[in-house]
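Q: Hey, could you walk me through this one? I'm new to it.
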Amino acid sequence: MIRCNICQRVPQHPVVSVKSGHIFERTLIETYIDEHGRCPVTGQPLRREDLVPVQGATPDTTVASSGSLGAASVPTLLERLQAEWEGVALEQFALRQQVTQMQLELAHALQQYDAACHVIAKLNKELTALRGEDGGAAGAHDDAPAVDVPPALLRAMDEVEAAERKSRKQRKSAAAAFPQSLAEEAQWTLDASHASAVRVAVSADGASVYVSQITGDHAVVRYGLGSLAEECRGVGHTAAVHTIATAPDAALSAAEDGTVRVWRAKGAALHCAHTLRYAGGVAAMSQRMVGGAYALCGAPDGSLYLSDVEQGAHVVVTAPLVQSSGGLSCVELHPYSSLAVAATQPEDVQLWDMRAMAPNTMIALPQSGATKRVHVASASFSADCVSLAAGLSDGSTYVWDLRQVSSPVAVLPPNPQSIPATVRYSMDGRTLAVAGAGLSLYTSFNASSASAEPTLTTGAANAAMCDVCWTPNGVGLVGGSVDGVVRLYSTSV
């Protein structure tokens, strides 16, 4: 049975192309030639004169004889239906050709993407080798075995990056709002008998704050931000808590006892759902998490851990990085989760590719020979995704543009008391909070416009602060002081 190469049906009036030998329905191929002037199959030029009727073919009259239409208007009706059918058949043929072309283009694009990935991987390998020849820390890490990152973790990073890119576009289109005032709204003392430093972290819903004092029973306590009353507490750490982070339905505390505990509220108590243990201890923990499910922590020897807080297990562990007498002092995740900063003593600052779990960029920390050597005590990435702030142990702060890290774009001077600086960017990334000798706010659209003069400050009358965090709505801050006092601040725009 012969079929038309356009409509894929048995033609009523078949014709054959003398150039290609393909068979078509006469009306369809004539219409196509009139519009395009070429063969729909081979693409070669084709004219009506190149079409020859197929000898011996019997027209398909099933439509005309399939019913008793018996009316004077039947021929006209059939002609209209035939014309409509021809138009639909031609449109379907054009769509099939477009689909075929798109499939070819997609296959070609995938081949190009695969080749580009291989080239990028080769260039990254060569770049890492060159850094190793220069004596960088990344070179020392080249000898470490490759780290296998689970596909589920890679997917989580991709999802976080996609969501953050979308949010970043929305923030760019929104009108900029900067704090116009900074005032202390309330304060309370955790334990008057133990006047010691307090670590703080606001819950994901902004309704409560988790705090822990480095002396006493080392409990993690949750207070309501509305009532300022204790809601529940969790006891379990045997040494001081140095970092608290929050997830959508949990809080994490990293302590000097070498553990990270995952807390969930259960009645009037905080229940320890999981305890993550680190043989060499845990020196730092990121405030951000990968999708609220994976926590980034660092051991004193520079090993980085990505841990599943739902399962209470480590999923990725890197080889030790620290080669000197110092140790890891700070880790923090980028908003995309595919990048992180890790700082070691005395002054090494590295950017890590979290998908490969390997360092790829070294940031030079300026040092003065006339002063004591300092190290990074805290770090924070802005929501603009190109700014990195680091608070140093002498109270100074450096701000870098990740697109050009050869030198900082802003340097905030140390405080007279040399209290380590704690830095935290606001939710929209436009305001940087620096805690140390009091609390100061610096506003900027991006790193290149960061100023060395604070926009707002709480003044020198406040006690030295060792921790600070923003509320999710971006208008409130909670600070922890070295004298055991928790302070609640508000801003107005």
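**Aromatic pairs and a repeat**

A: Let's start with Trp 188, which counts as buried because its relative accessibility is 11% (buried means under 20% relative accessible area, exposed over 50%, partly exposed in between, with a 1.4 Å probe and protein chains only). This is a predicted model, where local features need pLDDT of at least 70, side-chain atom pairs count only at pLDDT 80 or more, and totals for chains, interfaces and linings use all residues. Residues are numbered from 1 along each chain as its sequence is written, and side-chain values use heavy atoms, leaving out hydrogens and water.

Q: How many aromatic pairs does a search of the whole structure find?
A: It finds 4. Rings of Phe, Tyr and Trp (its six-membered ring) pair if their centres lie within 6.5 Å; planes under 30 degrees apart count as stacked, over 60 as edge-to-face and the rest as tilted.

Q: What kind of pair do Trp 188 and Tyr 223 form?
A: A tilted one, 5.3 Å centre to centre with 45° between the planes. Trp 188 sits in strand β4 and Tyr 223 in strand β7, 35 residues apart (strands are DSSP runs of E, at least two residues, numbered from the N terminus).

Q: And Tyr 223, buried or exposed?
A: Buried, at 8% relative accessible area.

Q: What about Tyr 278 and Tyr 305?
A: Their ring centres are 4.8 Å apart and the planes are at 80°, so that pair is edge-to-face. Both tyrosines are buried.

Q: New topic: which residues does UniProt list for "repeat: WD"?
A: The unreviewed entry gives 234-263. That stretch is 63% strand and 0% helix, with its end C-alpha atoms 7 Å apart.

Note on methods
UniProt positions are given in the numbering used here, feature names are shortened, and annotations may be inferred rather than shown by experiment. Helices (H or I, at least four residues) and strands (E, at least two) are DSSP runs, numbered from the N terminus.
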